[in-house]
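These are my notebook entries on a single chain. I set down what I looked up, entry by entry.

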Amino acid sequence: MEGIWTVRDALEWTTGFLERKGDANPRLSSERLMSHATGLARIEVYANYDRPLSTEERAVLRDAVQRRGAGEPLQYIIGEVGFRHIDIRVREGVLIPRPETEVLVSEVLAELPAAARPRAAEYAEVAEEGEGAEADGARPLLVADLCTGSGCIACSLAYEHPLIEVVATDISPEAVRLAAENVERLGLSERVRVLECDLGAGLGERYEGALDAVVSNPPYIPSAVMRELPHEVSAFEPELALHGGADGLDVYRRLLGWAAGALRCDGVLAVELHETCLDAAAALAREAGFASVRIADDLAGRPRVLIARR
């Protein structure tokens, strides 16, 4: 990239370079990288075709194109990803939110009441300790988001439902820092709390039988499938957030036991899992005493989300 480069020149060169590097969507990647380098929205890129790039913009674009050419996920390079109605910051070391997980959020919202019912007596202690009942008397809906990662699920639930309060947990310090950053950035600190712990181990006894929902996108990829992951995933995203053991259900089994004790009567369990694991996961849920067990498909029509009630 020497001499004067216009937006058009750089966009065309980048598209060709990424195509040769095997990018599945080189034009889309080029547009996103151009937006990242220039601060222009994608539609503005085409309205500024003849604008020369500044030295600084060229430097940012050059670095981004090199990273993308090496296979690094576009989301890590840009630093954020759109998720439902919000933008979530992402960075290496934390799982990138997927469209499949948007379905998980939809299922949870569909299962929870749109208008809160009067709070049962067992919620009084939780509310007094700072979880915050609404001024008009409507009780908050208490949700635990286990293996929160970037916090995309917790933030979306709180953003889209004014009565939802979430305690989000992750065992990864980097994930906890990023999730807390997203919570703060989206102005949700009063209703989303992020804790570093293994599943629900850090929540304490006061949540036993008190949660309206337990939601999770845990590590769920079976060992055999891990060996077949694309380079873009296996080389850059954390194995801790991906590998679910031999059958993909190692973390799910532990999560299931905790959720059975933490959910209130008729509380909702919703978990994203690998398409090959859902039938076995449903059987385990029934054995653990859950009822109304069903499986929802993702946007590609593959079984993806288990929903059940305590």
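**Entry: model and conventions**

In which strand does Ala 308 lie? I find Ala 308 in strand S9, which covers residues 303–309. Strands here are DSSP runs of E with at least two residues, helices are runs of H or I with at least four, and both are numbered from the N terminus.

I note that this is a predicted model, in which local features need pLDDT of at least 70, side-chain atom pairs count only at pLDDT 80 or more, and totals for chains, interfaces and linings use all residues. Residues are numbered from 1 along each chain as its sequence is written, and side-chain values use heavy atoms, with hydrogens and water left out.

I checked the confidence next; pLDDT is the predictor's confidence in each residue, from 0 to 100. The chain averages 91, and 92% of the residues score at least 70. Over residues 115–135 the pLDDT is below 50, yet this stretch has 38 contacts in the model beyond near neighbours in sequence. Contact means heavy atoms within 4.5 Å.

**Entry: strand S9**

Is Ala 308 buried or exposed? Ala 308 counts as buried because its relative accessibility is 0%; buried means under 20% relative accessible area, exposed over 50%, and partly exposed in between, with a 1.4 Å probe and protein chains only.

I listed the contacts of Ala 308, setting aside neighbours within four places in sequence: Gly 267, Val 268, Leu 269, Phe 290, Ala 291, Ser 292 and Val 293. From Ala 308 to Ile 295 I read 8.8 Å, C-alpha to C-alpha, for a separation of 13 residues in sequence.

**Entry: salt bridges**

How many salt bridges does the structure hold? I count 28, a salt bridge being a side-chain nitrogen of Lys or Arg within 4 Å of a carboxyl oxygen of Asp or Glu.

I then turned to Glu 111 and Arg 309, which form a salt bridge with the closest N and O atoms at 2.8 Å. The pair joins helix H6 (residues 99–111), where Glu 111 lies, to strand S9, where Arg 309 lies, across 198 residues. Arg 309 is buried, since its relative accessible area is 18%.

Strand S9 also holds Arg 304, whose side chain meets that of Glu 275 in a salt bridge of 2.8 Å, N to O. I place Glu 275 in the loop between strand S7 (263–272) and helix H13 (278–287), 29 residues from Arg 304. Glu 275 has a relative accessible area of 27% and is therefore partly exposed, whereas Arg 304, at 4%, counts as buried.

I also record a network of salt bridges that links Arg 89, Arg 91, Glu 174, Arg 177 and Glu 181.

**Entry: hairpin S1–S2**

Strand S1 (residues 80–83) and S2 run antiparallel, joined by four bridges; two strands pair if DSSP finds at least two bridges between them. They form a hairpin with two residues between them, and Arg 84 in the turn has a positive phi of about 55°.

Opposite Ile 88 stands Val 81.

**Entry: helix H8**

Why is helix H8 (residues 152–160) largely enclosed by the rest of the structure? Seven of its nine residues are buried, and so I record the helix as largely enclosed. The buried residues are Cys 152, Ile 153, Ala 154, Cys 155, Ser 156, Leu 157 and Ala 158.

**Entry: aromatic rings**

I count three aromatic pairs. Rings of Phe, Tyr and Trp (its six-membered ring) pair if their centres lie within 6.5 Å; planes under 30 degrees apart count as stacked, over 60 as edge-to-face and the rest as tilted. Trp 13 and Phe 17 are stacked, at 5.1 Å centre to centre and 10° between the planes. Both lie in helix H1, four residues apart, about one turn of the helix. Ring pairs link Trp 5, Trp 13 and Phe 17 into a cluster.
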